[in-house]
Amino acid sequence: MTPEKLALTTNSRARKPRSDGTPDNPLAAELTRTLGHKKVLHHLSERLNYRYDAIQFGVTPLAVVLPESTADVVAAVKAAKAAGVPIVGRGAASGLSGGVTPLQESLVISFTRMTGLHIFPERREAVAQPGVVTLKVTEAAKPHGLMYPPDPASFRTSTIGGNLGENAGGPMCFKYGVTGDYVRALEFVDVDGDVHRLTRDCYDLAGLLIGSEGTLGLITEATLRLIPPPKFTRTLMSHFAEVGQAAEAVSSAIAAGAVPSKLEFMDRACVGAVEDYLHLGLPRDADAVLLVDTDGDDAEIVAAELELVAQACAAAGGTVRRAANDAEADALWRARRSISPSLGRIRPQRMNEDIVVPRSALPDVVREIRALGDASPFHLVQFGHIGDGNLHPNIMFDPRTEDTHAVHDLAHKIALVAIRHGGVLSGEHGIGTMKRDFMRDAVDPVTLNVLRDVKRALDPANGLNPGKILPDLLMDER
Ligand SMILES: Cc1cc2nc3c(=O)[nH]c(=O)nc-3n(C[C@H](O)[C@H](O)[C@H](O)COP(=O)(O)OP(=O)(O)OC[C@H]3O[C@@H](n4cnc5c(N)ncnc54)[C@H](O)[C@@H]3O)c2cc1C
């Protein structure tokens, strides 16, 4: 992300509405003519709401379409193409990498009205339109004895389209896999307005669309795999005097055969932030806290697996607390669920990194990042899905009073730590604009060119979400 994009800015170029209330630009007028007033937002006060995600403001769009069907999406794409206006697909805008912020005057296609959802229990499948809220899939599957495992912490607001756009993960993904692992088929609209149906049996084009952040096509339907939920779950919390002990405990538990369904890490600063907020009695002195679930259909095996983890934690020097029942488990998990609101009390804005490093490198990585935070003027906390080596260092800042260039520099240094330890820039939040400038550090030039070739093959004129992911393919190349 360029530093200026961090700032809470309004778009000085935002067009003013006409006094008679008619659209003030030809694209909005054409869309209103083809789709009708109810599906097109063109008033400035409405459009202003569609220029941000959870971390960043962008440029106010020319118009917003609220499609109710694939045919509406096709009509909107064709109109934007004819007008030479780029398109930004948008779900709930809970993204943490600037994926939905328009970088120039654009058409935003917001999928929140495409909420069709059908469960096919006999096939163990859900067919969902992109605007379906993630949690709704599991809620609809539950009466049929099924569940949808991908569980981003934002699952009460995030949409299936946004989850597919970012290939979202969550605490359960260590054992159960990420969004892409549950996709059997996709329907998408390409930049010309043509509709495609993809399965995954050859060339896995659906796989290419998943995690492409709306830069290759607009997903209009997904066929998702469902599974029966585990019958039993057990929970423990363990805290450690030193972060290396926590990483060692995780590695030896996994080496001993445990496959926890959730394996979450919080560093000292993160525990402190949650404790300041909720006073749960968490160990403030601990350098690291682990939260662990094991699950399965056999109570004894689930309990034995939890014991494997408990023994590994104790052997590494951790203090272990097992939840005796569901209520106690829920109380322990409250700490993890409360991270976001706790951090919101420290500063109004945060830059949420999403690096993934080999588990063996975690102790060094956590220490190096902590040292970077200590040497900076910013409050920095770390937490993440430690089973996958997925770490979320969060830089807290106030864009009104603090130097956003320095935030960007610190985020870049954190990215470089991950890369130096053999890691990658993103586990689940995507690249967007936030990490676009770091791609040159993370991906070699030859591979970067292959990525550009893929983009050119599917979107030659760079009309879909321009300026995202690829550092060399900027808006002015359109
Ligand atoms: C408090 C909080 C906790 C979070 N926890 C997690 C977590 O645990 N795991 C995780 O992975 N993420 C997490 N996130 C990040 C975010 O919620 C996810 O990235 C989520 O998948 C975004 O969904 P959305 O509907 O808000 O998508 P948006 O933010 O609206 O869009 C995300 C991207 O997908 C593209 N897109 C949207 N719809 C479509 C479509 N139909 N076709 C093609 N592209 C499309 C957009 O252009 C954009 O690039 C968290 C965010 C917050 C605020």
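Q: How many Å separate the centres of domain 1 and domain 4 in this predicted model?
A: The chain is divided into five parts, among them domain 1 (3–113) and domain 4 (346–439). Taken over C-alpha atoms, the distance between the centres of domain 1 and domain 4 is 30 Å.

Q: How many residues does each of the two domains bring to the contact?
A: Contact here means heavy atoms within 4.5 Å. Under that cut-off, domain 1 gives 11 residues and domain 4 gives 18 residues.

Q: What share of the area buried between domain 1 and domain 4 comes from carbon and sulfur atoms?
A: The buried area between domain 1 and domain 4 is about 1,200 Å². On the side of domain 1 that touches domain 4, the residues are 7 nonpolar, 4 polar and no charged. The carbon and sulfur share of the buried area is 64%.

Q: How many residue pairs are in polar contact across the interface of domain 1 and domain 4?
A: Salt bridges across the interface of domain 1 and domain 4 number 0. For polar contact, with both residues at pLDDT 80 or more, the number of residue pairs is 5.

Q: Which residue has a polar backbone atom 2.9 Å from a nitrogen atom of the ligand?
A: There are 33 residues around the ligand, and those that come nearest are Gly89, Gly91, Ser94, Ser154 and Thr159. Oxygen atoms of the ligand lie 2.9 Å from a polar backbone atom of Ala92 and 2.9 Å from a backbone N or O atom of Gly95. For the nitrogen atom, the residue at 2.9 Å is Ile219.

Q: How much of the ligand's exposed area does the protein bury?
A: Taken alone, the ligand exposes 980 Å². The part of this that the protein buries is 93%.

Terms used
Residues numbered from 1 in each chain as written. Predicted model: local features only at pLDDT ≥ 70, side-chain atom pairs only at ≥ 80, totals over all residues. Heavy atoms only, no water. Domains from an automatic or database assignment. Buried area = accessible area lost by both parts, 1.4 Å probe. Salt bridge = Lys/Arg side-chain N within 4 Å of Asp/Glu carboxyl O. Polar contact = N/O pair within 3.5 Å; in protein donor to acceptor, adjacent residues only side chain to side chain. Nonpolar A, V, L, I, M, F, W, Y, C, P; charged D, E, K, R; others polar. Near = heavy atom within 4 Å. Areas by Shrake-Rupley, 256 points an atom, 1.4 Å probe, with all protein chains shown as cover.
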